[in-house]
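Keep the viewer open and try each task before you read its solution.

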Amino acid sequence: MKKHIADLENGINIDHIPHGNALFIIQALHLFNSDKQVGVGLNLPSNRLGRKDLLKIAEYYLNDNDKQMISLFAPNATLSVIKDYKVIEKMVLSLPKEINNLVICPNKRCVSKQYKSKFITLTNRKQEIKVKCHYCEQEFLLDNIKQYNI
Amino acid sequence: MHNLISISDLSKNEILNILNLANEFKQGRVSDILSKRIIASCFFEASTRTRLSFDSAIQRLGGKVIGFADSNATSLANKGESLSDTLKIIGAYADAMIIRHPQDGAARLAHDVCNIPIINAGDGANQHPTQTLLDLFAIMYTQGRMEEINLGIMGDLKHGRTVRSLIDAAKLFNMNLFLIAPKELRMDHDQLFSLKQASISYSFHNNAEEIIDKLDCLYLTRVQRERFIDNENINFDSYCINSGTLDKAKPNLKILHPLPRREELPEVIDDTPFAHYFQQAADGLYVRMALLEILFT
């Protein structure tokens with residue numbers, strides 16, 4: 001594998017992020033104004049995705065909530081935890097069954113626009129990931145979600 | 001059953017229990033199950049049949065009604081109170097709440113913030129489950145059965161909440177669907193896929209005449225122009241019926257409509273033996289009595 005960004009001593013590596021979504025993750029984790037060092041790879045070649053993004057964040061670890069949130073922007077991404085330049089844990093992120101207060105419902109008439117949103121995740125006939133609003137019961141392709149509470 | 005938010009909350013047996021009990025009320029059953037109960041009737045959006053039939057049902061079952069038919073008179077409209085706070089407070093004053101609201105999902109919000117049974121009387125373009133129950137009652141009452149009905153649904157299949165709920169219910173009863181709508185107002189691919197998954201037979205048609213001889217019931221809907229978000233300019237003229245449309249109809253055909261009607265269902269149809277929509281609306285009283293009795297049993 002080609003090395004795109006310098007190796008980490010300690011921190012996390014998030015690989016196989018669908019291209020265009022790395023910046024959402026940085027925003028969701030509030031990293032823009034933090035003191036954490038972040039390496040960003042955009043539009044990198046990928047056998048699995050065609051193009052992908054990649055993030056390396058030094059001296060930073062994710063809790064379970066963070067992992068669930070990131071999985072929304074990077075379903076099936078690979079998360080590696082690195083200590084002393086070695087990968088000590090590696091996992092494939094998966095979408096939670098329920099997503100709370102993160103996705104803004106695209107339905108302009110939905111009551112959740114004024115309140116906390118709640119979605120369940122499902123897949124459609126083409127195995128594409130969809131989210132279904134708990135309130136208005138409408139289903140949306142995850143790729144078509146453009147607004148987030150981040 | 002403690003709430004009715006969406007028709008998909010009900011099993012086939014629960015639906016049949018409600019319909020059978022509604023038939024008993026139509027035959028003269030008497031009940032005072034709501035005596036000493038107060039039901040909040042909260043109509044944030046205009047309604048005639050649904051609100052009055054619920055009010056009548058509650059009073060015939062011995063209950064009392066509080067609420068409003070015009071949300072402009074509430075603190076929500078005048079003092080900027082949130083809908084969530086308004087619903088919480090109403091929930092503390094009543095034993096159950098019937099809610100109609102123009103926003104999709106408002107009834108589910110009421111369910112989430114209140115500790116009393118909630119009945120959805122229509123939430124935006126989403127669901128209108130009690131309308132579906134009375135649509136199903138009309139089918140059962142006029143056809144004597146529910147299974148394998150040839151059901152035509154004509155008009156706005158995209159925005160109509162009654163259509164969405166009826167199609168969900170049709171899946172439970174293995175109905176054959178004949179969908180008559182312009183391309184722009186058909187259901188989306190995933191909804192159609194859900195019909196396939198449920199092994200429901202469906203076909204699309206451009207007018208009712210080509211399939212009228214196959215239908216047991218023809219369900220007409222009003223164009224929901226008030227719910228169009230993106231100025232959809234659609235010619236709807238071919239999706240109205242007239243007496244000629246019914247020339248080849250089977251004798252058992254009944255025309256159903258959630259009302260109010262407009263140009264899609266002219267008054268000339270009222271005097272034909274096929275018209276059932278006024279009886280359908282009148283029987284909504286019995287369906288709502290049955291629902292309330294089951295909710296409090």
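Chain B averages a pLDDT of 92, and 95% of its residues score at least 70; pLDDT is the predictor's confidence in each residue, from 0 to 100. For the complex, the predictor gives an ipTM of 0.85 and a pTM of 0.86.

This is a predicted model, where local features need pLDDT of at least 70 and side-chain atom pairs count only at pLDDT 80 or more, while totals for chains, interfaces and linings use all residues. Residues are numbered from 1 along each chain as its sequence is written, chains are lettered from A and ligands numbered from 1 in the order in which they are written, and side-chain values use heavy atoms, with hydrogens and water left out.

**Exercise 1. Work out how β2(A) and β3(A) are joined.**

Step 1: Find the strands, β2 at residues 38–46 and β3 at residues 50–58 of chain A. Helices (H or I, at least four residues) and strands (E, at least two) are DSSP runs, numbered from the N terminus.

Step 2: Check the pairing, which requires DSSP to find at least two bridges between two strands. Here there are seven, and the strands run antiparallel.

Step 3: Pick one pair: Leu44(A) has Lys52(A) as its bridge partner in β3(A).

Step 4: Follow the chain from β2(A) to β3(A), and you pass through a hairpin of three residues.

**Exercise 2. Describe the interface between chain B and chain A.**

Step 1: Count the residues in contact (heavy atoms within 4.5 Å). Chain B gives 23 residues and chain A gives 15 residues.

Step 2: Take the buried area, meaning the accessible area (1.4 Å probe) that two parts lose on being put together, summed over both. For this pair of chains that's about 1700 Å², with 46% from carbon and sulfur atoms.

Step 3: Look for polar contacts, which are pairs of N or O atoms within 3.5 Å; within protein, one must be able to donate a hydrogen and the other to accept it, and residues adjacent in sequence count only if both atoms are side-chain atoms. Nine residue pairs across the interface qualify, both residues at pLDDT 80 or more.

Step 4: See which elements of chain B give two or more residues to the side touching chain A: α4 (83–93), α5 (106–113) and α8 (189–197). The most come from α5(B), with four residues.

**Exercise 3. Which residues does His134(A) contact, leaving aside its neighbours within four places in sequence?**

Step 1: Locate His134(A) in the loop between β8 and β9 of chain A.

Step 2: List the contacts: Lys118(A), Phe119(A), Arg108(B) and Asp112(B).

Step 3: Zoom in on Asp112(B), whose side chain makes a polar contact with the side chain of His134(A) at 2.8 Å.
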